[in-house]
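I opened this entry to record what I looked up, item by item. The structure goes in first.

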Protein chains: 2
Amino acid sequence: MPAAKPTVPSVWARQRRQREQPALSQDRIVAEAVRLLDEEGLDALSMRGLGTRLGAGATSLYRHVANKDELIELVVDEIYGELRVPDADPATWRAAVTECAQSLRAMILRHPWSATVLGQVGLAELGPNLIDRSERMLAVLHAAGFAPGTADLALNTVLAYTMGTAISEAAYLSMLARSGQTEDQWADDLRATTEQAIEGHPRMQEGYAALHEQDPRQIREDNFTYGLECVLDGLQARL
Amino acid sequence: MPAAKPTVPSVWARQRRQREQPALSQDRIVAEAVRLLDEEGLDALSMRGLGTRLGAGATSLYRHVANKDELIELVVDEIYGELRVPDADPATWRAAVTECAQSLRAMILRHPWSATVLGQVGLAELGPNLIDRSERMLAVLHAAGFAPGTADLALNTVLAYTMGTAISEAAYLSMLARSGQTEDQWADDLRATTEQAIEGHPRMQEGYAALHEQDPRQIREDNFTYGLECVLDGLQARL
DNA sequence: CGCAAATTGCGCACACTGTGCGCTACGGTG
DNA sequence: CACCGTAGCGCACAGTGTGCGCAATTTGCG
C-alpha cells in the first residue's frame with residue numbers, strides 16, 4: 001500500500017473554496033498594508049501578517065505584488081495620493097505653497113512609518129500619484145513667476161525642508177511610541193536621561209529649558225512654520 | 001554505552017583560545033559595522049555577518065551591544081562624529097553655517113545607508129557626538145546674533161533642509177546602485193521608463209529635459225546650494 | 001602564590017522572515 | 001462537455017534576531 005500522496009487530510013472535506021471575499025487585488029493589498037502600518041508600525045509589516053488580515057495565505061499576495069520592496073513602493077505612492085495641491089494662482093502662490101508643505105508634513109505625521117520608508121524610496125521611484133502632485137506643484141510655482149528651470153529648484157527646496165522637518169518629527173514620535181509614552185507625559189522617563197545627557201552643554205540646556213513651559217505640539221508647529229517662512233522669503237527674494 | 005554528552009568533537013583539541021585579536025569591544029564592533037555598511041549596504045548588516053568579519057560568533061556581540069537597534073543608534077552617532085563645525089565667529093557666520101550644511105550632506109552621501117537609518121533615529125536619540133556638534137552649531141548661530149531661543153529654530157531649519165536634500169539624493173543613489181548602474185550611464189535602463197512615466201506632464205518633462213546636457217553631479221550640487229542660499233537669505237533677513 | 005568570582009565568547013535552539021515551486025480549484029471560453 | 005489561464009495555498013529552504021547555558025579566560029583577593 002504505497003500511500004497515494006502524503007497529503008490526504010480528508011478527501012471529503014473539499015469544496016470549501018468560497019468567493020465571498022472581494023477576492024485579492026493589488027488595490028486591496030496596498031490599502032490593507034497602509035492600515036496595518038498605521039496601526040502597528042513598520043516592523044509589523046510581514047507578508048504572512050498582511051495575508052492573514054486579508055483572509056489569505058502569505059504567498060497568495062505574490063500573484064499581485066512582485067515582492068515586498070515593490071509593495072513598499074506602491075504603499076508610498078498610495079500615501080502620496082493624500083497630498084492636496086491647490087490650483088495655480090499667481091496672486092496666492094505663497095499660501096498655496098504653504099498649503100502643499102503643510103499637507104506633506106501632515107501626511108508624514110499621519111503615517112510615521114513613512115519617515116523610515118521615505119529614506120529608502122524618497123522621491124526617486126516615480127509612481128503615478130507622485131508624478132501628478134509634482135506636476136501640479138510645478139504649475140503653482142510656474143504661475144508664481146518662476147522660470148521653468150527655476151521652478152524645479154524652488155520646489156525641491158520646499159520639499160526638502162518639509163520632508164526633513166517632518167521626518168525628524170516622525171522619528172521622534174516613533175521613539176515616544178516605542179517607549180509607550182505619549183508626548184505630554186514623557187517627562188518622567190526620557191526627560192531625566194536627556195537632561196543628564198546635555199549636562200555641560202549650556203546652549204542646548206537653554207534651548208531645552210524652553211520646552212518645559214509650552215505645549216510640545218505647539219513648539220513643533222512653530223518650529224515648522226518658522227523655517228518654512230524662511231524658505232519662502234528666500235524664494236520670494238528670487239522672483 | 002550512554003554516550004556521555006553528544007558534544008565531544010575531540011577532547012584533545014583544546015587550548016585553542018588565544019588572545020591575539022584585540023578582543024571584542026563596543027568600539028571595534030561599531031567601527032566594523034560602519035565599514036560593512038559602507039561596503040555592502042544596509043540589508044547586508046546582520047549580526048552573524050558582522051560577527052564573522054570580527055572573527056567572532058554572532059551572539060558574542062550581544063555582550064557589548066544590547067540589540068541590533070542599539071547598534072544602529074551607536075552607528076549613527078559614530079558617523080555624526082564625522083561632522084566638522086567651524087569655530088564661532090560673528091563675521092563669517094554664513095560661511096560657517098554653509099560649511100556645516102555641506103559637511104552634513106557629504107556625510108550622508110558618503111554613507112548612503114544612513115538615509116534609511118536617519119528616518120528611524122533622526123535627531124531624536126542623543127548620542128555624545130550629536131550633542132557636541134549641536135552645541136557647537138548653536139554657538140555659531142548664537143555668535144551670529146540669533147537670540148538663544150531663535151538659534152534653535154534657525155539651526156533646525158538649516159539641518160532639516162540639508163537632511164531632506166541629502167536623504168533624497170542618497171535614496172536616489174542607492175536606487176542606482178541597486179540597479180547596478182553608475183550615475184552617468186543610467187541612461188539606457190531607467191531614463192526610458194521615467195521618460196515614459198512623465199509623458200503627458202509637460203512641466204516635469206521640461207525640468208527633466210534640462211538634465212540631459214549637464215553633469216548630474218553638478219546639477220545636484222547646484223540644486224543643493226540654491227536651496228541653502230534661500231534658507232540662509234531667509235535667516236539673514238531675521239537678524 | 002592559589003583559588004574564587006566575574007567576565008567573555010560561543011554553540012544550540014526557537015520563532016519568525018521573504019519567497020520559489022508545484023499542486024488544486026475556480027471562472028470563463030470554445 | 002472539455003479545456004485553459006489564473007488565483008490561492010501548502011510546503012520548504014535559507015537566513016534573521018536573540019535567549020540560554022556551558023566553557024574558557026581574565027581578574028581580584030586572600
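**Conventions.** I worked from a predicted model, in which local features need pLDDT of at least 70, side-chain atom pairs count only at pLDDT 80 or more, and totals for chains, interfaces and linings use all residues. Residues are numbered from 1 along each chain as its sequence is written, and chains are lettered from A and ligands numbered from 1 in the order in which they are written.

**Confidence.** I looked up pLDDT, the predictor's confidence in each residue, from 0 to 100. For chain A the mean is 89, with 90% of its residues at 70 or more. Helices here are DSSP runs (H or I, at least four residues), numbered from the N terminus. In chain A, confidence is highest in helix α4 (residues 93-110), at a mean of 98, and lowest in helix α8 (residues 187-197), at 81. Over residues 1-19 of chain A pLDDT stays under 50, and the model gives that stretch zero contacts beyond four places in sequence. I count a contact when the C-beta atoms of two residues, placed from the backbone, lie within 7 Å.

**Domains.** I found chain A split into domain 1 (11-65) and domain 2 (83-238); the bounds come from an automatic or database domain assignment. Their C-alpha centres lie 33 Å apart. Four residues of domain 1 of chain A are in contact with four residues of domain 2 of chain A.

**Helix α4(A).** I checked its span: 18 residues reach 25 Å from first C-alpha to last, close to the 26 Å expected at 1.5 Å a residue. The expected value is 1.5 Å times one less than the number of residues. Its buried residues (20 or more other C-beta atoms within 10 Å of their own, these atoms being placed from the backbone) include A:Trp93, A:Cys100, A:Leu104 and A:Arg105. I listed what covers the buried residues of α4(A), and the cover includes α5, α6, α7 and α10 of chain A.

**Chain pair.** I noted that a rotation of 180° with 0.0 Å of shift along its axis superposes chain B on chain A, at RMSD 0.1 Å. The two copies are therefore related as by a two-fold rotation axis. The same surface serves both copies, as 98% of the contact residues of chain B recur in chain A. The contact takes 52 residues from chain B and 51 from chain A. α7(B) gives the most to the side of chain B that touches chain A, with 16 residues.

Technical notes
Copies are superposed by least squares on the C-alpha atoms of residues with pLDDT of at least 70 in both. Helices (H or I, at least four residues) and strands (E, at least two) are DSSP runs, numbered from the N terminus. A residue is buried if 20 or more other C-beta atoms lie within 10 Å of its own, exposed if 12 or fewer, and partly exposed in between; C-beta atoms are placed from the backbone.
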